[in-house]
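Colleague: I would like to learn how to read the ligand site and a few backbone features in a model like this one. Please start with the terms.

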Amino acid sequence: MKKFLLNENEIPSHWYNVLADLPTPLAPYLHPLTGAPLTPADLEPLLGREVIEQEFSTQRWIEIPHEVRDIYRMWRPSPLCRAERLERALDTPARIYFKYEGTSPAGSHKANTAVPQLHYAAREGVGRVTTETGAGQWGSALAFAGALFGIEVAVYMVKASYEHKPYRRSLMHTWGATVTASPSALTRAGRRALEADPDSPGSLGLAISEAVEDALGRPDTKFTLGSVMNHVVLHQSVIGLEAKRQLEIAEDYPDVVVGCVGGGSNFSGLAFPFLAPDPARNGPGPRLVAAEPAACPTLTRGRFGYDHPDTAGLGPLLPMRSLGSAFMPPPIHAGGLRFHGDAPALCHLYENGRVQARAFEQNEVFAEAVRFARTEGFVMAPESAHALKGAVEEALVARETGQVQTILFGLSGHGHFDLAAFDAFLAGRLEDYALSDEQINASLSTMPALRPAGGRHGG
Ligand SMILES: *Cc1c(COP(=O)(O)O)cnc(C)c1O
């Protein structure tokens with residue numbers, strides 16, 4: 001393995017905002033009740049001032065506060081590695097690089113946005129934040145940041161994960177957060193779900209509704225999100241900005257960039273900086289490939305339209321591809337990829353044909369994660385293994401055509417809390433889930449009929 005490192009002073013000074021460089025402007029968000037274009041003032045009861053400003057900003061470069069860069073130094077710049085042993089195992093002429101985000105205290109890229117979000121919250125005098133978490137990666141990243149800034153963190157954790165992934169819960173408790181299984185009796189949205197089904201396993205959309213309702217009900221509390229929104233995609237651009245510098249050191253440039261997509265933030269963070277104007281290059285730039293689970297196929301089988309980020313419809317209508325906010329994905333182990341929608345900027349670029357998407361079953365994904373562990377050593381999160389699978393497919397195409405390709409993929413987090421899933425895979429007990437068109441259509445029919453302009457299928 002070859003490793004390309006930057007020193008601490010090379011942490012980017014600015015985040016990159018892809019909204020400055022979209023081929024056409026992003027359709028506006030809409031107010032969940034009135035359907036009118038959403039204004040920054042509409043978000044004020046919910047989110048902090050600075051992140052609202054970033055959410056609407058089309059400024060290309062936004063300065064990273066020095067307090068945030070100071071904390072980024074704990075684990076940034078993160079390593080870029082060339083996976084030469086994997087290349088040999090695949091017998092491919094392709095060069096495979098991965099950007100490793102598993103070195104953060106919480107073990108994934110999510111700390112890249114948890115830290116600035118709580119930095120701004122602390123500066124604005126916010127004493128408490130709420131959030132949702134699926135498998136617990138976002139909740140633990142936020143709990144980590146809450147400990148650093150002295151902010152109380154209340155996490156609504158999808159009940160299925162709360163019960164089956166106790167160690168991420170322990171991590172959140174260790175950093176001082178409170179964790180509530182969702183659906184809970186603390187909110188109307190939760191009580192309604194429990195009345196309908198006392199054994200409800202919960203979903204990300206439902207946990208968001210609970211966290212939003214909680215935040216709206218308390219003046220000292222703001223809501224935070226770990227993916228999907230523009231400001232989160234913005235913060236994650238540190239990944240790709242560093243990777244670009246590191247590839248310069250490697251004297252290489254990617255033909256294709258692959259990332260896994262749950263809500264789209266780590267993929268966008270890695271890939272979008274390659275869309276920034278670059279005086280040193282002409283040409284179209286790398287192909288961008290989003291890898292998602294076949295069990296939650298938002299880009300490949302969802303519909304471009306307006307949809308809520310949450311089940312109860314409290315959040316703004318976002319222009320995105322969605323499977324419908326009522327979608328209950330099958331219980332795959334990549335819990336962080338089980339969201340019904342994706343970041344609007346990513347969906348926009350997908351509609352424009354700038355981003356491609358591939359969907360993978362979990363057994364083929366785990367098979368690659370195991371091959372990677374046995375060649376490159378790192379045991380990665382099942383989410384990240386979707387990106388790896390996409391990268392391996394590209395490398396195998398290169399083997400067939402004999403064409404040398406440079407492939408960059410995002411290794412978004414380590415898999416140390418996912419070992420039960422590895423056990424299940426190694427014992428042959430993992431299920432693949434084929435979603436029928438009927439299932440997908442039933443869920444799509446719950447989407448509002450509103451359509452933003454600019455969809456692939458005529459909008
Ligand atoms: C949450 C998570 C993801 C998916 O979220 P995105 O916003 O799509 O990046 C991917 N990988 C890991 C390790 C995660 O924790």
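Modeller: A polar contact is a pair of N or O atoms within 3.5 Å; within protein, one must be able to donate a hydrogen and the other to accept it, and residues adjacent in sequence count only if both atoms are side-chain atoms. Here a polar side-chain atom of Asn266 is 2.7 Å from an oxygen atom of the ligand. This is a predicted model, in which local features need pLDDT of at least 70, side-chain atom pairs count only at pLDDT 80 or more, and totals for chains, interfaces and linings use all residues. Residues are numbered from 1 along each chain as its sequence is written, and side-chain values use heavy atoms, with hydrogens and water left out.

Colleague: Which atoms of Gly262 and His109 lie by an oxygen atom of the ligand?

Modeller: For Gly262, a backbone N or O atom is 2.7 Å from a ligand oxygen. For His109, an N or O atom of the side chain is 3.1 Å from an oxygen atom of the ligand. Accessible areas come from the Shrake-Rupley method with a 1.4 Å probe; for residues, only the protein chains shown count as cover. On its own the ligand has 380 Å² of accessible area, and the protein covers 98% of that.

Colleague: How many residues surround the ligand?

Modeller: A residue is near a molecule if one of its heavy atoms lies within 4 Å of it. The ligand is surrounded by 19 residues, with Lys110, Ser227, Gly262, Asn266 and Ser412 the closest.

Colleague: What is the phi of Asp91?

Modeller: Asp91 has a positive phi, near 55°, and is in the loop between helix H4 (84–90) and strand E5 (95–100).

Terms used:
Helices (H or I, at least four residues) and strands (E, at least two) are DSSP runs, numbered from the N terminus.
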